[in-house]
Amino acid sequence: MVYTLISSDGEEFRADGHSIKQSKVLGLAAKNLESADTPIQVEKVKGDTMRRVLEWCENHRDDGPYVSKCGPALRLPHWDFRWLKDLDNQQLFDLITATNDLQMRQLMDYSCKTVANMAKGKNPEQLRQIFGIMSDEEEAELALHEPGPSNATH
Amino acid sequence: MWSRNGDVHMDDGSMTPEDQEPATEMELDDNSDEGSYSNGSTSSFSADKLSTPLQMKLDLSASPTRGSDINPRVEHLVTLFKDLSTAEQMDAFTRLLTVSDMSNLRQLRAIIEPHFQRDFLSCLPVEIGMKILQNLHGCDLMKVAQVSKNWKLMSEIDTIWKCLSDEDFLKHPEPTDRTTGAWAATAMTAGITIPDHVPHCALDVQRFMKQNKYGAIYTRAPDKSKYLRAEKIERNWYLNSIIGSAILRGHEDHVITCMQIHNDLLVTGSDDNTLKVWNIDTGSMKFNLSGHTGGVWTSQISTCGKYIISGSTDRTVKVWDAVTGALLQTLQGHTSTVRCMAMYGPLLVTGSRDTTLRIWNVEHGTHLRTLMGHHAAVRCVQFDGRIVVSGGYDFTVKVWDADRGLCIRTLTGHNNRVYSLLFESERSIVCSGSLDTTIRVWDFTRPEGQECVSLLQGHTSLTSGMQLRGNILVSCNADSHVRVWDIRDGACIHILTGHRSAITSLQWLGRTMVTTSSDDGTVKLWDIERGILVRDLITLDSGGNGGCIWRLCSTSTMLACAVGSRNNTEETKVILLDFDAVFP
């Protein structure tokens, strides 16, 4: 059974039932379709992210049942490790949000672990750099110099 | 192992390498004046949570040339640029970058980079943020807490600490006082040197700080507080100044032959025919157990804490009430000194110079079985409730089925008396130390005759103590060395030298710390992972002249050392050291 999925920005995708069953939400939506031709609207997920989600699903279509883990007990398979490594932070975060919306436990665990690995063994300054965070001092500095509504320059 | 590269390069290849030579001038107006935020950044403010103030600061969409300084040449360029297709724009970018000044490139990078960094803890729902943090170890969580106020809040969500895989930190007992009784006077006295003890003048402050046992972090995030406390306790052992000590005096002029700890109770047995029961926290004696008519050479405290058991040269075993000090039972049967014992629940196994072992129920005071088979004195015994393992002066180790009272294996191989045993029930592993200087590792589930897994050779005298964790065995020997072994292949990983005389006992604490006591009058702390001496905890002035430390006993926050001499140069006593910490 092949289904049509439409992302939030209007992109169309084709995926078969075996793939999309990785997502509880999509699996359920597919079951509740009036006809197999009706497209599934995936409102919360953009096209780029949708593409990646389906790529992952395709790769994992033959997986057995998954038991959720976290921490050191969780080991990423080789393919997933490389695949996730190639994403930049924005793509990774979009992916995590999508796995949350689409209820995809396995991919969510793997993605979260990938983000955690970026933070491992880093000191606070390095963490700020990687994740683009201002230290509290910098933020306070900025607040002092920020133009508020009362001091617009034009 | 899976760590992602922490660098934040742009991977799309459009950034030139650092060694690109600066090309001919193409005048790009340098408008990236980072100090000026006055270009009406209200237009760039978006409700999207992803827009941190950083976004506002470095917004690409805000025109840097607003106002009266429009540069016509730049405007023209930008107009032409807008007319290009996306692919052509990319081409143009590439060409522009190759002819750009290094300082411009750096500024460009500073503008673009933040767009590829995302503060995941602020951007994602809290539950997902937690899920990410649950993959981290305690040490990383501590770093996370220092990044920003927001991250600190996240890191203190206690559920995350609950999930930490390093669970040992949950196992420490409640924080203690240890400021009264013998603790008040400390052990800093003539003849005893505790090199890293806090000086007398600092003691009041330390004691005051101990009073607040549950600090602010405990109120906000108990598990994080537990983690921090465990870290502090580890540092207390390893390098901090020692904040508390005490001397428990007793058994004058006699030898302390055995020592046991159970929660707050310390029991010492002596060849003065008595046992003394001490309260650790208050540094005071609870009872004196007298009744034996011969020296006490072995003792046990039941796991439930209700009974204290003693074995003596008077051939009897006595069962005492740990709460009241009353004598409950006297178990008769052995025909010579009761030399060793082991307990499981209410069951007691005793080994004697009369070559037998006996199994008793201490609650009922009944004798259940006699295990016969050794040809000489039984010197050491271990028991897991079903299996008894005994070592004797007949050079053998015997494995017995306690229920049926039968010997199921006799492990032969040693060439001299067996003095010490270690039994790991889960893997049916036995380690035996012998006067033949070797340690043998046995697995008695193997076929008969083939039980010996490894032969640990290297020591040159009698092994006095052994402890096993996983496949690592630590042994201490009368040859004054500590050895660290891998029991699978018998390899000696470390030899730790430093003691000047026979080592009498060892205690393995935490993951990598071992303390040893010696006839040289010192107690030393070692790191067995790095294979080094960390520090001396106690030094007796009479060390080398007769003063020696006979035995160590420890809890995760306290070390007890039985001290004395055989020539009256050192009065018999127990020195206690405190390594406790409160919940921050």
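Predicted model: local features only at pLDDT ≥ 70, side-chain atom pairs only at ≥ 80, totals over all residues.
Chain B comes to 13 helices and 33 strands, and buried residues make up 51% of its 584 residues. Among contacts in chain B with a separation of 6 or more, 50% are between residues 24 or more positions apart. Chain A comes in through a stretch annotated in UniProt, described towards the end.

**Strand S12 and its two neighbours in chain B**

- Strand S12 covers residues 347-352 of chain B, and five of its six residues are buried, so the rest of the structure largely encloses it.
- On one hand, strand S11 (residues 338-344) of chain B runs antiparallel to S12(B), with six bridges joining them. One of the pairs to look up is Ala342(B), whose bridge partner in S12(B) is Val349(B).
- On the other hand, S12(B) is joined to strand S13 (residues 357-361) of chain B by five bridges, and this pair is antiparallel too. Here Leu347(B) has Asn361(B) in S13(B) as its bridge partner.

- The hairpin of S12(B) and S13(B) has four residues between the strands.
- Thr355(B) is found in that loop between S12 and S13 of chain B. Its phi is near 75°, a positive value in a residue other than glycine.

**Another threonine with positive phi**

- Thr186(B) is likewise a residue other than glycine with a positive phi, near 60°.
- Where does Thr186(B) sit? Its place is the loop between helix H10 (182-185) and strand S1 (192-193) of chain B.
- With a relative accessibility of 4%, Thr186(B) counts as buried.

**Open sheet S7-S8-S9-S10 of chain B**

- Four strands form this open sheet, in the order S7-S8-S9-S10, and the pairing is antiparallel.
- Strand S7 (296-301) and strand S10 (327-331) of chain B stand at the edges; each has a single partner strand, so one side of each is left without a neighbour in the sheet.
- From one strand to the next, the twist averages 20°.
- Within the sheet, strand S8 (residues 307-312) and strand S9 (residues 317-321) of chain B run antiparallel and are joined by five bridges. If you want a landmark, Tyr307(B) has Asp321(B) in S9(B) as its bridge partner.

- Strand S25 (residues 482-486) of chain B pairs with S26(B) over five bridges in the antiparallel sense, and Asp486(B) stands opposite Ala491(B) in S26(B).

**Helix H4 of chain B**

- Which residues of helix H4 (residues 102-112) of chain B are buried? They are Met102(B), Asn104(B) and Leu105(B).
- Seen down the axis of H4(B), these buried residues fall within an arc of 155°, so they line one face of the helix.
- Helix H3 (86-98) of chain B is included in what covers the buried residues of H4(B).

**Cysteines**

- Cys431(B) is buried, with a relative accessible area of 0%, whereas Cys201(B) is exposed, at 67%.

**The annotated stretch in chain A**

- An unreviewed UniProt entry places the feature "domain: SKP1 component dimerisation" at residues 106-142 of chain A.
- In the model, residues 106-142 of chain A are 78% helix and 0% strand, and the C-alpha atoms at the ends of this stretch are 40 Å apart.

Conventions: Residues numbered from 1 in each chain as written. Chains lettered and ligands numbered in written order. Heavy atoms only, no water. Buried < 20%, exposed > 50% of the residue type's maximum accessible area, 1.4 Å probe, protein only. Pairing = 2+ DSSP bridges. UniProt positions renumbered as here; feature names shortened; annotations may be inferred. Arc of directions from axis to C-beta. Contact = heavy atoms within 4.5 Å. Axes fitted to C-alpha atoms, helices over the stretch in contact; angles between N-to-C directions.
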